Amino acid sequence: MALDGKSRAVDAADSRELLKENARLRRICAALIERVESSGVAGGAPYAAFEHAVLLAEQVRERTEALHRTLDELGKTNIRLGEAKADAEAANLSKTKFLAAVSHDLLQPLNAARLFASALDEHPLPEASAKLVAQISRSLKDVEALLGTLVDISRLDAGVLKPDIAPFRTDQLLDVLAEEYRQAALTQGLALHYVPSRMVIESDLALLARVIRNFLTNAIRYTRQGHILLGCRRRAEGLEIVVGDTGPGIAEAQHEAIFQEFRRVAVPTTGQDRGLGLGLAIVERIGAMLGHPLCLSSSPGRGSLFSILVPYGVLPAFEPAPAPRAPMEKDALQGTRIWVIDNDTAILEGMAALLEGWGCRVVTALSLSDLEKRTKHDPADVLLIDYHLGDDQPSGFAVAQRLQERHPGLATVLITANHEATIKRRARARGYGCLLKPLKPLRLRMTLTALLKASPRRKEQ
């Protein structure tokens, strides 16, 4: 009986504990229910909470579907934008190809016209006739500049213009430009002060020349009196090529605007200004493509100073540094034997007129076979050959190689209207000179003079 009483006491204690736990759990459950039913749901009923949850789930589903529809539309829009971009790029490239083709066709007669005008300028003429020739030459240069500007801006925007980076001496670039623009400055009553430099830099010679030409052209265009400066400054990070003038200057508010398309300095000019306002826009694009920083320092009444910073370079070890360039002698080309191959008769006639005016002995030909008929076995000092001799003929490279095999030591200059970097690299690798159409007579003359001085054939004579 005692055990039974003890057992009952234990059961009673357990029952009390269970009742306490049950009461505690009820309180917790009631609190949770109250929390759910009072969480912003109208009515506070459990069914309302469930209904609210279902509504939220439906809203989430609807918004998810709407998001998917939006993403699908965005995807279709992106496809349409991509197609539109591709169409625009194709149209831009087509425009570039069209301009390049048109410019090539226009450059042929323009090149011939400039050769004839330059040849005529070599002859003694009455003063009135000399002025007319000068006007013709200036007009042809304007046409060349406008055409080149339109083609260059198109090629730069289309991304088809690739630089041909190589080391070269600064005087190879600046000596020619100084000689050329000295005459242009004199016609405007200005003096050109040139400080030569023989530092080696690394850039695309033709594109860098375009930048410096633009600086010099603008300096002469906007300067009424005083002088133009062309020179270099050595910097730690590269060589700074500088063009300064004593012109009216440019207000600081215009420093950025003048590098935009069709924007020009609002100052009076000589009245012969035919620019499009694209020159400095091209300069900025070329500088960015080459990685050469540009700088402008100018203020009204104090002139302007434009510059471009070009990295230093190192010439190949096998290329000896030439002696300082002497002034070009008037009769330096007298008696020079030159072969000219081009598939354009007008260009051949213009080249013959120009070169013979310099005292050269010239043989012109439309093809290799034509040249062989005219020359037989007579040697020459220099070969001037067009890169594109026609679709039915080998390239200028192939013809030049065959002629050099037959005539070792024959100096060669490739002439082309194609500005592709690969052509210039191939010409440089073969030791050829490379000149672009329309041909600039001064650059041709300086190139021929330099080639003849370095020619082993001439040294043996």
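Guide: Let's start at Leu 230, which touches Leu 174, Ala 178, Leu 192, His 193, Tyr 194, Val 195, Ile 212, Leu 216, Val 242 and Val 243, leaving out residues up to four places away in sequence; contact means heavy atoms within 4.5 Å. This is a predicted model, where local features need pLDDT of at least 70, side-chain atom pairs count only at pLDDT 80 or more, and totals for chains, interfaces and linings use all residues. Residues are numbered from 1 along each chain as its sequence is written, and side-chain values use heavy atoms, with hydrogens and water left out.

Visitor: Which residues touch the most other members of the largest nonpolar core?

Guide: In soluble globular proteins, nonpolar side chains tend to be buried together. Here, Ile 212, Leu 216 and Leu 230 do so, in a core of 41 residues. A nonpolar core is a set of buried Ala, Val, Leu, Ile, Met, Phe, Trp, Tyr and Cys residues joined through side-chain atoms within 4.5 Å, with buried meaning under 20% relative accessible area (1.4 Å probe, protein chains only).

Visitor: How do strand 4 and strand 5 run?

Guide: Two strands pair if DSSP finds at least two bridges between them. Strand 4 (residues 227-235) and strand 5 (residues 238-245) run antiparallel, joined by eight bridges. Two residues lie between them in a hairpin, and Gly 231 has Val 242 as its bridge partner.

Notes: Helix = DSSP H or I, 4+ residues; strand = E, 2+ residues; numbered from the N terminus. Buried < 20%, exposed > 50% of the residue type's maximum accessible area, 1.4 Å probe, protein only.
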